[in-house]
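I opened the model and kept notes as I went. Here they are, in the order I looked things up.

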2 protein chains.
Amino acid sequence: MKKTIRMITGATALLLSTSALAAPSDVMALQDKALQDDIAYDIVEGLTTEIGPRQAGTDAEARARDWAVAKLKTLGFSNIRNEPYMMPTWIRGKETASVVSPFPQKLAVTALGNSASTGEKGLTAEVVYFPTLADLMAAADGSLKGKIAFVSHAMKATQDGSSYGAFGPARFVGPNIAAKKGAAAIVIRSAGTDHHRNPHTGNTNFEKGVTPIPAGALSIPDAENLERMVKRGQPVQLNLVLTPQNIGQQESGNVIAELPGSDPSLGMIVIACHLDSWDLGTGAIDDASGCGIITAAAKHVMAAGQPKRTIRLLWAGAEEVGLWGGNAYGEARKGDKHALAMESDFGADRVWRVDFNLPETAKPLADQIAGALQPLGIGRGQQPASGGADVQAIIRNNNLAVIDLQQDGTRYFDLHHTPDDTLDKIDPEQLRQNVAAWATVLSIVGNSDADLTMPAKE
Amino acid sequence: MKKTIRMITGATALLLSTSALAAPSDVMALQDKALQDDIAYDIVEGLTTEIGPRQAGTDAEARARDWAVAKLKTLGFSNIRNEPYMMPTWIRGKETASVVSPFPQKLAVTALGNSASTGEKGLTAEVVYFPTLADLMAAADGSLKGKIAFVSHAMKATQDGSSYGAFGPARFVGPNIAAKKGAAAIVIRSAGTDHHRNPHTGNTNFEKGVTPIPAGALSIPDAENLERMVKRGQPVQLNLVLTPQNIGQQESGNVIAELPGSDPSLGMIVIACHLDSWDLGTGAIDDASGCGIITAAAKHVMAAGQPKRTIRLLWAGAEEVGLWGGNAYGEARKGDKHALAMESDFGADRVWRVDFNLPETAKPLADQIAGALQPLGIGRGQQPASGGADVQAIIRNNNLAVIDLQQDGTRYFDLHHTPDDTLDKIDPEQLRQNVAAWATVLSIVGNSDADLTMPAKE
C-alpha cells in the first residue's frame, strides 16, 4: 500500500516537471523513423546467414570482422578500425553422453568452454546427483573420487535475467568445485529455461592449481530424465565423451567505428555489442542483435544531423570466452576522452526500463531522457546503471557515466548459448523498439553539453 | 449466417433426442475417475525414462516389449503375449551437413529412414533449390546429375494435422523423385512446424529399380538459412555426411493384452497404439502417450466391472518404419472375432472431435457416445472414421466398424520425429482428458450388444 502511494506521488511529481514531459518533436520524429528501421534486422540477417557461428579466435570470427568493417563503411561511419589482440583458444570436439545402465539411452550433452577432454574413448563412471550447487559444495572432500558429479537446479525465466545470477554458478564454478573434490567429470543441467534437446554451452573456469576435468551441460529434458533415473534408486553409470582441445594463442579483435561529433572537447559516447558468438548457434540474439541495435540507432542519429559528441561503436571480439575484446579496448583506449558508456547484449526483445548512473548535476538530462522514452513504453528504474561486460573495463578505468536500456529477458535463457540462437528468434517489431530507444538516448546525450564527469570514487 | 442457423437447429434437434442427452451417471462417474488418472502418465514416464528411444528391430524395442508385458501384467490384464515377426532394419550413422562456400557454416541435419550412405568422407556438391515439391517434380530429367536437391515448403500447424498430408510428401516421395532425376543426394526442409535446431526424421521410400540416394532433413532454421544463402545468387556448395546402414532382418514384435468380456459371442474391440519410436527422441508423444491413453482407459473400464465385449490392447511394433506390427496383427489375427477398431497415435493433447464409421443400425449407439463425450468438450464430426496406421490392416481384412477420437494436433508437428519428443512435452491434464474420452467410448461400446457388422463393401 505504502508502495502504491509512493508511485502515485512520483507520477504527480513527474507531471509537474517540464523536463520529464513527453519528448520534443525532433526526438519524436527520430523515434518514428527508428520504429520503421530495417538496418538492425539487416545486420542480424547478414551476420547469421553469411557468417553464422563466429567463435572467438577462429577463422569465422576473423571473417565476421571483415564483414563488420565492410558493413560499417557502407553505412557511412568513420575511423573504422580492426584492432587485433591474441588470446588462448579452446575448441569443441566430439561430445556424447550415454547412460550405460540401468536404462541405456543417449543424452544430449555439450562441453563447457575450458572443459578438459575425456579422450576419444570417453570415461564411464557412476553418477552422483546433487539437486543444487549448494549440495555439491557440501559434499565431503574426496567423496567424488572416480565419479561423475551431476548438478541440477531449478532456473526459471525472469524478465530482468536475475535467475542467471542465481543458477549460472552451477556452470561458472561447479566444475572447479567438483574437480577439487576429486570428481572424474561433471555434467550440469544447462543454465537455461527452455525445454528443448539443445544444451547450453558457456565458459567455466578452473582455479590455478586445479586440474581441469571434463565438464558438460545436459539439455534440460535430458537432465530431467537423468534425475528420474537416479531417483529410482539404482546406481546410474554414464559414459561421457568430450574431446575439446586448447589450440593456443589465436588472433581475435575489436571492430571500432565512429560518428564524429562537432565538439571534440565534449567526451565521446562509447556504445558496445559483441561480434563473437558461441559455436553452437548463429549468434542472433547473442549478440548480432546488439550490434544491429547500436549501429542502427547511431545511423538514425547520423541521418538527423551531426551530433555534438562523437559516438563510438565498439563491436567487441571474444566476449563469450573471457571479455578479451572489452578488456583490450579498456586498456588501449584509456587515453581517449570518454563521457558515457552503454551496451546492448541481452537479446532483441523490447526495452522496458532505463537506469542511470550519472553525476547529480546531470539530473535534468536523465529526466529529459526518461520522459522521451515514455512513448516507447519504457519506465524509469531506481537501480544504478552498471553497463555490460564489454564496457566494464573502460567504465572502471575511466570512471564513466552509464545508461542502461534494460531489455525484456523472459525468453533470453531459452536460447542463450544454444544451437537455437538463430535468426527466426528475432521479433522485428521488438528489435525496432530497441533501435528507437537507443536513437532517443544517443540523440539527447549526443547533443547535450551537460558535464557527465562522475564524482571521484572513494 | 446460414451456418449459424444450421448449428442452432442442430443443437435444438440434439436437445430433443434423449439418446444424445448428457451421459448417464455411471458414465459420468467413470469420467470423473479417469479425469484423475495417473496410469497414462505413469506409462509415458516409465517408457521414456527406463527405455527411451526404441527404434524398431533394435535391442531397445525388445526391452520395451519386455517392459510392456510386465506393465500390462501389473495392471491386471489377461492373455498377455509378445508376438514376434522379422523385418528389414535400417539404422542411423554419422550425420553432418556443412556449407563449404560461399558462407561456411554447419547445418543441423538428420538422415531419413532408408537413406543411402554418402560414405565416411561424405559428398560435396552444388545445391539446387526447389521452393516446393512440385518444383522438384517439374525439373527436367537428368538436370540434377551430380547435384544435391534441396526441397523446401511452407508447412504450418493445423489442428487436424492436415498439413502433414500436404507437406509430408516432400519427405515421403521427394528423395525417390530426386534419385530418378539423377541427383547425388537430397536435403529437405523438415516436415515440421517448429523453429528449433532439431531436424525431423521419418521414413522415405525408393521404388523398386531406383537406387537409393543419401536423403536428409534439415532443421527448419537451417533450411531457412540455406534458402537465404541460395537467394543471394552465388552457387552454394554443401558437404553432406550420412552413414546409415541396412543391417538386414531383425526381430520386432507386437504386445497384446486383453480385458476379457462376459459375452464372447459379441465381437471384441481392438484398441491400438505403437510401442516403437524413432531413435532421436524418447517417443513420448509418438507414441508412448497413445499406449498410456488406451491402457489407462481400459483399466478404468476394468475397475468399473467386467464389460460384455472383450477389449484387446495392441501395442504394435515397428509402426514408424513401415507398419510391420499392424500388418502382422492384421494377418495373424484375421480369424479372431472383431467388432470395432480404434487407435491413439496423434500425441497427448485433448480430444476435440469424435468421428464414427458404424453401420446405420448402430446410430443410437453413436448418438449415445456423442452425448456422453460432450461434458469433455468433444464435438461430433461428420467425417467417416478411418482408424489409424496400426489398425488399417485388420479394418481392411475384417471390414470393421471404427470410432476415431480426434486429438488436437496443433503442437504435434513441432515435436514429431525429433529429439524433442520427450516427457516434458506431455500436458498431464490433456492426457487425462484423453483417458476420460477413451474410457467413455470403451465403456459404452463394451457394454452394448448392438450389432456392429458393417455392410459388405461393394
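I started with one helix pair and noted that H3(A) and H4(A) cross in the right-handed sense. (A crossing is right-handed if the near helix is turned clockwise from the far one by less than a right angle, and left-handed if anticlockwise.) I took the helices, H or I of at least four residues, and the strands, E of at least two, as DSSP runs numbered from the N terminus. This is a predicted model, where local features need pLDDT of at least 70, side-chain atom pairs count only at pLDDT 80 or more, and totals for chains, interfaces and linings use all residues. Residues are numbered from 1 along each chain as its sequence is written, and chains are lettered from A and ligands numbered from 1 in the order in which they are written.

I then read off the geometry: helix H3 (residues 39-51) and helix H4 (residues 59-74) of chain A pack at about 145°, with axes 11 Å apart. (Axes are lines fitted to C-alpha atoms, for helices over the stretch in contact; angles run from 0 to 180 degrees between N-to-C directions.) Which residues make the contact? H3(A) brings A:Ile43, A:Gly46, A:Leu47, A:Glu50 and A:Ile51. H4(A) brings A:Ala60, A:Arg63, A:Ala64, A:Trp67 and A:Lys71. (Contact is C-beta atoms, placed from the backbone, within 7 Å.) I sorted these residues into six nonpolar, one polar and three charged. (Ala, Val, Leu, Ile, Met, Phe, Trp, Tyr, Cys and Pro count as nonpolar, Asp, Glu, Lys and Arg as charged, and the others, Gly among them, as polar.)

Next I traced the sheet. Chain A has an open, mixed sheet of eight strands in the order E1-E10-E12-E11-E13-E16-E14-E15. (Strands pair if DSSP finds at least two bridges between them.) Its edges are E1 (78-91) and E15 (379-380) of chain A. E1(A) pairs antiparallel with E10(A) (residues 245-259) over eleven bridges. There A:Trp90 stands opposite A:Asn246. H4(A) packs on this sheet too, touching E1, E10 and E12 of chain A. I read about 5° between the directions of H4(A) and E10(A).

Last, I checked the chain pair. I found 20 residues of chain A in contact with 20 of chain B. H9(A) gives the largest share of the chain A side, five residues. A rotation of 180° with 0.0 Å of shift along its axis superposes chain A on chain B, RMSD 0.0 Å.

Notes:
Copies are superposed by least squares on the C-alpha atoms of residues with pLDDT of at least 70 in both. Two residues are in contact if their C-beta atoms, placed from the backbone, lie within 7 Å.
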